[in-house]
Amino acid sequence: PATPASAAPAAKGRRRIPPGYGQVDPRIAERVPLTLSLRDGVPLFPGDPQFTWEVFADTRTPAHDDGGFLLERITSLGTHTASHISAPVHFILGGKRLNQLDEDFTLMPLAVIDVRARIRAHGPDFFITRADLQRYERQHGRIPARGCVLMLTGYAPLFFSGSGETSPYVTTPAPGFSGDAVDWLFRERSILATGSDTLGPDATMDLVLQATTRTLLHGGITLENVGTQLPRMRPHGDWIAVNGNRPAFSGFQMGFTGFTVPRH
């Protein structure tokens with residue numbers, strides 16, 4: 001059976017740089033913004049609350065010498081909108097909340113599974129399987145322990161088209177990870193996270209959301225709505241940081257930053 005979400009993910013041991021990941025030092029690497037920020041009309045998972053806000057106070061003056069300030073107030077927002085992470089409690093009774101996660105999630109070695117050509121050739125209705133992941137490893141290298149595995153579909157630019165539940169970012173069918181593939185990633189590769197440059201790691205046709213369910217059941221997190229510059233990240237050898245506040249919720253808006261080799 002899968003590891004309960006209340007348990008810590010496996011392979012805690014000594015922290016080492018995984019093979020193939022020593023070339024990129026996050027302190028001096030090329031930084032890649034991977035965040036899709038809140039905006040008016042932000043795409044929404046069907047049924048989620050609308051995002052609305054207002055100016056609460058604006059006391060600024062041209063002289064800038066009297067302590068004036070601008071302060072906005074969010075009047076409606078779901079915790080799983082725009083770039084965010086989901087904690088185990090999002091799906092799993094007894095699972096950890098964001099504030100209970102350890103710091104390993106804040107910087108992870110990254111593996112990117114690029115399915116753009118497959119979508120163009122065969123359409124979006126498929127799962128990334130265990131065999132696909134093993135094929136990736138033969139081509140690029142072993143998926144790193146304590147890592148994050150992201151699916152690259154190329155859909156992120158659609159985030160800026162349309163609004164709410166009718167945005168093409170929401171309505172365009174997408175592939176996703178199979179539950180068996182996620183189980184393999186956690187059991188055999190001891191990863192920490194799955195995610196995608198879509199609404200999440202699940203295929204649109206997957207009504208039971210097995211990728212998210214299995215990720216959270218294993219005590220991992222999902223990175224959802226990863227930004228438009230994900231194609232700049234190499235399939236193997238780069239890093240990703242998750243930054244932001246972690247309230248005692250099932251999910252919350254986060255910033256994602258990639259670290260890669262400089263572009264020439």
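Because the model is predicted, local features require pLDDT of at least 70 and side-chain atom pairs count only at pLDDT 80 or more, whereas totals for chains, interfaces and linings use all residues. Residues are numbered from 1 along each chain as its sequence is written, and side-chain values use heavy atoms, with hydrogens and water left out.

An open sheet of nine strands with mixed pairing has the order β1-β13-β11-β5-β7-β9-β10-β4-β12. Strands (E, at least two residues) and helices (H or I, at least four residues) are DSSP runs numbered from the N terminus, and two strands pair if DSSP finds at least two bridges between them. The edges are formed by β1 (30-33) and β12 (251-253); each has a single partner strand, so one side of each is left without a neighbour in the sheet. From one strand to the next, the twist averages 25°. Axes are lines fitted to C-alpha atoms, for helices over the stretch in contact, and angles run from 0 to 180 degrees between N-to-C directions.

Strand β13 (residues 255-260) pairs with β1 in the antiparallel sense over four bridges. Within this pairing, proline 33 has threonine 257 of β13 as its bridge partner, and valine 32 has glycine 258. The strands β11 and β13 also run antiparallel and are joined by five bridges; the bridge partner of valine 242 in β13 is phenylalanine 256. Five of the six residues of β13 are buried, where buried means under 20% relative accessible area, exposed over 50% and partly exposed in between (1.4 Å probe, protein chains only).

Helix α2 (residues 130-140) packs on the sheet and touches β5 (107-114) and β11 (236-243), with its direction at about 105° to that of β5. Contact means heavy atoms within 4.5 Å. Helix α5 (residues 210-217) also packs on the sheet, touching β4 (84-86), β9 (193-196) and β10 (221-224); the direction of α5 makes about 140° with that of β10. Helix α4 (residues 179-189) is mostly covered, with eight of its eleven residues buried. Among these buried residues are Trp184, Leu185 and Phe186. The buried residues of α4 pack against β6 (127-128), α2, β7 (148-152), β8 (176-177), β9 and α5. Serine 190, which follows α4, has a positive phi near 55°.

Most residues other than glycine have a negative phi. Histidine 64, although not a glycine, has a positive phi of about 55°. Histidine 64 is placed in the loop between β2 and β3 and counts as exposed at 67% relative accessibility. Leucine 98, in the loop between β4 and β5, is buried at 0% relative accessibility. The C-alpha atoms of leucine 98 and proline 247 are 6.0 Å apart, although the two residues are 149 residues apart in sequence. Not counting residues up to four places away in sequence, leucine 98 touches several residues, including Ile85, Phe249, Phe252 and Met254.

The whole structure contains 13 salt bridges, a salt bridge being a side-chain nitrogen of Lys or Arg within 4 Å of a carboxyl oxygen of Asp or Glu. In one of them, aspartate 104 and arginine 146 have their closest N and O atoms 2.6 Å apart. Aspartate 104 lies in the loop between β4 and β5 and arginine 146 in the loop between α2 and β7, so the pair ties together parts that are 42 residues apart in sequence. Aspartate 104 is buried at 14% relative accessible area, as is arginine 146 at 13%. Arginine 146 also has a positive phi, near 65°. A further salt bridge joins arginine 214 and aspartate 183 (3.0 Å, N to O). Arginine 214 lies in helix α5 and aspartate 183 in helix α4, so this pair ties together parts that are 31 residues apart in sequence. Arginine 214 is partly exposed at 23% relative accessibility, whereas aspartate 183 is buried at 10%. Arg118, Asp132 and Arg135 are linked in a network of salt bridges.

Trp53, Val55, Leu70 and Ile74 make a nonpolar surface patch of about 370 Å². The elements β2 (52-58) and β3 (70-76) each give two or more residues to the nonpolar patch. Patches are made of residues with over 30% relative accessible area and no salt bridge, with nonpolar side chains (Val, Leu, Ile, Met, Phe, Trp, Tyr) joined within 5 Å and like charges within 9 Å; accessible areas come from the Shrake-Rupley method with a 1.4 Å probe, and for residues only the protein chains shown count as cover. Leucine 70, found in strand β3, is partly exposed at 36% relative accessibility.
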